[in-house]
Amino acid sequence: MDPGVQVDKVLYALGSSGKYQRIQLALCFLFTLENSFHLIAAVYIGYRPSYQCQDINTTAYLQRYDHNNISDINVQYDKCNINIFVNSSDYEYQYTEGCLNGYSYNIPEDRSTVTEWNLVCSGAERSELAKTMIMLGQAVGAVIFSPIADRFGRKTGSVISRILYFLTALATVFTPNIEVFLLFRFLQGTFQGGSVMTNTIMYIEIMPKELRHRSEGLMLTAWTTGLVLTTMIGYLCRNMSWRYMQLILSLLTCHTLFNWLFLDESLRWLIANGKRDQTEKVLKKACRMNNVSYESVTENVLLSKETNIIALEETHELNHGKGNGLKKEKVERYTVFTLLKHKRILLGSVVLWIAWITNTLTYYGLMLTTSKLSGDRFLNNVISSLAEYPAVILQQILINRIGRKSTLVIFHGIAGVSLVLATVCTTYGSEYSWLPILGTVFSFVGRFAITGSFSTVFLYTPELYPTNLRNVGLGMASTVARAGSMMSPFAITLAEYVSWGPAAVFATMNVIVTVSLLTLPETMGRELPTTITELKDWYKDKGGHGTKSKQTLTS
């Protein structure tokens, strides 16, 4: 199949929302839902409850010292230290020790990784490291699977990453210690990151330009549903070992072993890479499922060089240098170094990277600190997750009316203001009892806004790259963004020392992004670019509403 085919015309001829597309989108919906499992699960399997030092036998302890005529012994058990005050008729002594007998928790020790492996006090950093490892893995996964998806196909990257995601999640159930657990969390993040990258490109490429935002909104709904479902599972497993919750979440994804039977390769990728036979096979399958004549589709879809898509034999001859003298259509190949060679594209990428870092830091930071807000941790997580559904609705209303860029600016602006207000409420919460509750409300508003911006940037980013650089562009953005997500677990630690600290950091970064986004072009209403040249034309017209005389080829 000639890479010059305008794929949107193929999709329109098929019926842009036929049975075939619905089945493929349903698979992407399921993948997206499950990709959220092990991120939010960290809030529950790594829950840090109230704790203090375990009681000690003070008599046995004091036998190490030469004390006589003791009149009183007072022992204070703190979180990480034991203070022993010894009084007698002629002297007073104070001893400070670590938790000699371990720790006492207000929940059984098998309820979370923190309690099972005593990840508190001097070991607290390893608990936050467990959350950071999955974020680090996401960065590695984006680096590994993005070029795989661009070079070998979206389906290949998706199938491999999802099978390994299931296997590593299942293996985590049997981890004997924190060191092995950290390794498997890293691997989970790697394959989850690969799945997110390939899945995002697949659901964007399956729809024509007017409906791309619908598929993206559907995936945001899937992600939010996954968060709510994980919270419900966490609540049902609250009186069980954390391993049971991990097992349930793992088994829910076991179907990934068979998904390759139903998932098809992206038509855009097949056509852009000249995969003639595979394109014909997928196209005939789509026509059959949508009750559309293959001949009627091919006869009404023209190639960019006045060639008919049904002329498979002629295309085959062209690809072998035969025919009427026309040259073979060249398939452009790009790498990550392509970003570095073009100044305008590199600067645009840097702006996107800043936006991604802000989104990941704010989104995951708010997600992981929800349990620290005023109120029940399960209820808070459900409410904050439910706050994402209105974000879907508002985003879908705005994104094809005012554009991707303006939608991002609005959401980041709302996030910045609401988190500033949350910071003020938290700072003065000790003076007025109602301020902490109001601060929680503003945090939920911030979660609502950052969800809308995060979802929009997932759609906006791949639209700003040509076909064979699209997965690499999205992967690079996601990789750089892991700097924010890897820092997000430590928002909990910062909040313990400076209660208003996390919200203040989140608010500042959102304000910076709001201004920097104004330098990027608009992508609303445009077909996805195929080449670097077409992308440069976009940057020359930042409004995104260029002349219609020059038709951009779809990817």
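## Exercises on helix packing, cores and backbone

Asn291 sits in the loop between α13 (276–289) and α14 (294–299). Helices here are DSSP runs (H or I, at least four residues), numbered from the N terminus. The model is predicted: local features need pLDDT of at least 70, side-chain atom pairs count only at pLDDT 80 or more, and totals for chains, interfaces and linings use all residues. Residues are numbered from 1 along each chain as its sequence is written, and side-chain values use heavy atoms, with hydrogens and water left out.

### Exercise 1: backbone

Solution. 
1. Most residues other than glycine have a negative phi.
2. Take the accessibility cut-offs: buried is under 20% relative accessible area, exposed is over 50%, and partly exposed lies in between (1.4 Å probe, protein chains only).
3. Repeat for Asn118, in the loop between α6 (113–116) and α7 (124–152). Asn118 has a positive phi of about 50°. Its relative accessibility is 32%, so Asn118 is partly exposed.

### Exercise 2: helix packing

Describe how α8 packs against α11.

Solution. 
1. Two packed helices are described by the angle between their axes and the distance between the axes.
2. Axes are lines fitted to C-alpha atoms, for helices over the stretch in contact; angles run from 0 to 180 degrees between N-to-C directions.
3. For α8 (residues 154–172) and α11 (residues 242–251), the angle is about 160° and the axes are 8 Å apart.
4. So α8 is roughly antiparallel to α11 (under 35 degrees is roughly parallel, over 145 roughly antiparallel, 65 to 115 roughly perpendicular, the rest oblique).
5. List the contact (heavy atoms within 4.5 Å). From α8 come Phe166, Ala169, Leu170 and Thr172; from α11 come Trp242, Arg243, Gln246, Leu247, Ser250 and Leu251.

### Exercise 3: cores

Which residues have the most contacts inside the largest nonpolar core?

Solution. 
1. Define the core: buried Ala, Val, Leu, Ile, Met, Phe, Trp, Tyr and Cys residues joined through side-chain atoms within 4.5 Å.
2. The largest has 87 residues; Met245, Trp356, Tyr363, Tyr364 and Leu517 have the most contacts inside it.
3. Helix α17 (residues 343–369) gives the most to this core, with eleven residues.
4. Now take Tyr364. Leaving aside neighbours within four places in sequence, its contacts include Leu39, Met135, Trp223 and Phe454.
5. A second, separate core has 15 residues, among them Val282, Ala286, Tyr294 and Val297.

Note on methods: Helices (H or I, at least four residues) and strands (E, at least two) are DSSP runs, numbered from the N terminus.
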